[in-house]
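Please examine the sequence and the structure shown below. The briefing that follows is grouped by topic.

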Amino acid sequence: MTDKLKQLSPAILTLDDKNYSLPTLIGIEGEKAIDISKLRSQSSYVTLDEGYGNTASCESAITYIDGEKGILRYRGYPIEELAENSRFVEVAYLLLNGELPNSRQLLEFSTNLNESSIIPEDMHHFFNGFPRGSHPMGILATMVASLSTFYPIPDRLDTVTEQQIVINLISQVRTIAAFSYKKSIGEPLVYPSYKLKYVRNFLNMMFSSPVRDYQLDEDIVRAIDMFLILHADHEQNCSTSSVRTAGSSMANVYAVASAGISALWGPRHGGANQQVIQMLEQIHADGGDGTEFINQAKDKNSPSRLMGFGHRVYKNFDPRAMVLKKQCDKLFAKAGVSDPLFDIARKLEEIALKDDYFISRKLYPNVDFYSGLILRAAGIPTNMYTVLFAIGRMPGWLAHWREMLHSEQVIITRPRQIYVGEPLRHYQNIEQRP
Ligand code: SDX
């Protein structure tokens, strides 16, 4: 336990007429916790908290969220200030190292990312093995895990190797994403260029071609960079918890990153951005303004949900949604850039925020509600949206992996359960069975 956690007076728990004293702790932002690490050994009781909504899995110094107040900070810096003033590579450095880089550190980090952006040539053949139409998240999870076969990791990780692994993953996740897109449209691969910085390099690999020039639009570059900043970390979300769990067994870090990608793929997590656009496209195709869809989303018997709305932690506006909405306003105010789906999204938000169903359940737009519109404006295909989320989240996953690896004790994640199955019974030969 770090010295940042202060002890409060113990909590007294009475179980079966016996009192148990449990330590209580407070974090630097006033978050309080009951330390139950000795509960089972003292009382034979475990706690039950499905989805862990009331359970802190670890101490962390990386990101702070206050869901009630709509606060999000990376290493103490408000997300709004970072989105406005910083760039993704600088934010990645901040999350990984705890401090904003000086100019020498930033140049070194950025140069190392560029020099590590080529994936091993032998990996190109893997792309040919995927069937046409494979979802890019399936390709990404597979290819990232296969990096472990090209970059063997020593049992005892030294600092230099650890740093290079982090650089490889943050840089090459982008190359793999762009290559999987090029393969999916049957175009030749475009290699990373040492002349281009992180986002420009990615967009160039995605959209340039030996026979077609690709002009980088600075507003699009800025919008994608901001998208990546906003997705870079979010404390113990589903995919980051998956990274910490896989990492706690000391698994190969490329496989651990692949575990994060796989968890992110789900439509209730990172897959929501793709679902939002498909929802908006459906409403547009139906010619509606969203009113009918909202009624379906409220109907318990309907499978529809208002994708991009609601959050396990934010019971107020997701600050990232506010930043993205402003970015959409700016992008779509540009001459010649308009999108009817943006108008539908704003209408849905306007209706939902006045509707008691959403108000009473504290359902507000989350990061995914507007993010897909930015990617659409950049020409990113819908099935690549969660891939972009994974590119953004990679520094956050790795920052948590490193924080866990360097914690006082790397404890393997192994929750308990409450058994509700069959009581003891004995084997019956097949002739004796009904
Ligand atoms: C991300 O954790 C993170 O930090 C994640 C993330 C990150 O950066 O890593 O922020 C990224 O995953 C954002 C969330 C993206 N997912 C979606 O937009 C999918 C749509 N949202 C829902 O599936 C839902 O809101 C969740 C999964 C996000 C949160 O679910 P909760 O907190 O477990 O809420 P719940 O499922 O218990 O729902 C509470 C009530 C229910 O109604 P009642 O049973 O009380 O009548 O709210 C309803 C739900 O039916 N509800 C919705 C709804 N979300 C919840 N009803 C309609 N539309 C919705 N979107």
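Which residues of α3 are buried? They are Phe88, Val89, Val91, Ala92, Tyr93, Leu94, Leu95 and Leu96, where buried means under 20% relative accessible area, exposed over 50% and partly exposed in between, with a 1.4 Å probe and protein chains only. This is a predicted model, in which local features need pLDDT of at least 70, side-chain atom pairs count only at pLDDT 80 or more, and totals for chains, interfaces and linings use all residues. Residues are numbered from 1 along each chain as its sequence is written, and side-chain values use heavy atoms, with hydrogens and water left out.

**Helix α3**
- Helix α3 covers residues 88-97 and is largely enclosed by the rest of the structure, because eight of its 10 residues are buried. Helices (H or I, at least four residues) and strands (E, at least two) are DSSP runs, numbered from the N terminus.

- Three strands form an open sheet in the order β4-β5-β6, with antiparallel pairing; two strands pair if DSSP finds at least two bridges between them.
- β4 (63-66) and β6 (77-78) stand at the edges with a single partner strand each, so one side of each has no neighbour in the sheet.
- Strand β5 (residues 71-74) is joined to β6 by two bridges, and these strands run antiparallel.
- In β6, Pro78 stands opposite Arg73.

**Lys300**
- Lys300 lies in the loop between α13 (291-298) and α14 (319-333).
- Lys300 counts as exposed because its relative accessibility is 66%.
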